Amino acid sequence: MRNRHTYYLLVALMMVMACFPSKSEAIPLTPIRILIDVGHGGIDSGTSHGNLYEKDINLQIAKRLYQHLTAAGYSVAMNREEDIALSDDNRWLNSRSRHLRDLAQRKNLVKEIVPQMMLSLHVNWSSDTKRSGPLVLYQSNEQSYMLADLLQVSLNNLWGTKANPIKGKTYYMLRHNYCPSVIVEMGFISNGSDRKQLTNPDGQEKIAQAITAAVSEYVILTGNLKMEALVEESWWQKLVDGLMN
Ligand SMILES: [Zn+2]
């Protein structure tokens, strides 16, 4: 080794860096592409309470979410902007099953748009009218879990609940996606107080804000993780260079 001093200096610097990790506020320079998957539509109403349909609540909140995310600088797409079934617009699967055509449409939209994050909006139902609160389901990978956890905490704060996100096993959408994907069950249509939150403009606005806040936290957090990995990599490279010279 030609320069032993440089080597020791680098090791000392790395030890110092380990004690004082960098807290970079890295925000990605390119806008993140987010797909809002608006649950149900058209003939498929989702769950309901009297004349109140899940498909309509999903769309109303999706529109607000679209505005908040766009204002925050994200590049956002919605898979439907009106009351239609995706199967009506299907270009990929010639099947007699409307359900399969609908799923194929959703899956292929994801392939076409290549989102970096997918948020599926839904409303829950239970025979127990006391059941209430948001519930986030995640795809079985670290990124999806991290996003789901931040969303769950943000929505828990709005409701005053303490639910944990759960792994979504049987969801077609979640199994076939390759970006952080979550299903946000925004509350129970079967619960009176949830219904109020889900249907009045102020409640809808708060839900959209809580989701947007969690998305931004996720982006900042993952941006920081990437930056820290880069910093570590560059120091490691210098150390290796030092040893080689
Ligand atoms: Zn649903």
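Visitor: Hi! How many residues does the largest nonpolar core have, and which have the most contacts inside it?

Guide: Welcome! This is a predicted model, and its largest nonpolar core has 43 residues. Those with the most contacts inside the core are Ile34, Ile36, Leu119, Leu151, Val182, Val184 and Ile211.

Visitor: Which elements give two or more residues to this core?

Guide: Strand 1 (33–38), strand 5 (117–124), strand 6 (135–138) and strand 8 (181–188) do, along with helix 2 (54–71), helix 4 (142–159) and helix 7 (201–244).

Visitor: And where does the largest share come from?

Guide: From helix 7, with eight residues.

Visitor: Let's pick Leu119. What is Leu119 in contact with, leaving aside neighbours within four places in sequence?

Guide: Its partners are Ile34, Ile36, Val182, Val184 and Ile211, plus Asp37.

Visitor: Stepping back, how many helices and strands are there in the protein chain?

Guide: You'll find seven helices and eight strands. The chain has 245 residues, and 37% of them count as buried.

Visitor: What part of the contacts with a separation of 6 or more comes from residues 24 or more positions apart?

Guide: Such pairs account for 74% of those contacts.

Visitor: New topic: His40. Where is His40 found?

Guide: His40 sits in the loop between strand 1 and strand 2 (48–49). Its phi is near 65°, a positive value in a residue other than glycine.

Visitor: Is His40 buried or exposed, and why?

Guide: His40 counts as buried because it has 24 C-beta neighbours inside 10 Å, and the cut-off for buried is 20 or more.

Note on methods. Residues are numbered from 1 along each chain as its sequence is written. This is a predicted model: local features need pLDDT of at least 70, side-chain atom pairs count only at pLDDT 80 or more; totals for chains, interfaces and linings use all residues. A nonpolar core is a set of buried Ala, Val, Leu, Ile, Met, Phe, Trp, Tyr and Cys residues joined through C-beta atoms within 7 Å. A residue is buried if 20 or more other C-beta atoms lie within 10 Å of its own, exposed if 12 or fewer, and partly exposed in between; C-beta atoms are placed from the backbone. Helices (H or I, at least four residues) and strands (E, at least two) are DSSP runs, numbered from the N terminus. Two residues are in contact if their C-beta atoms, placed from the backbone, lie within 7 Å.
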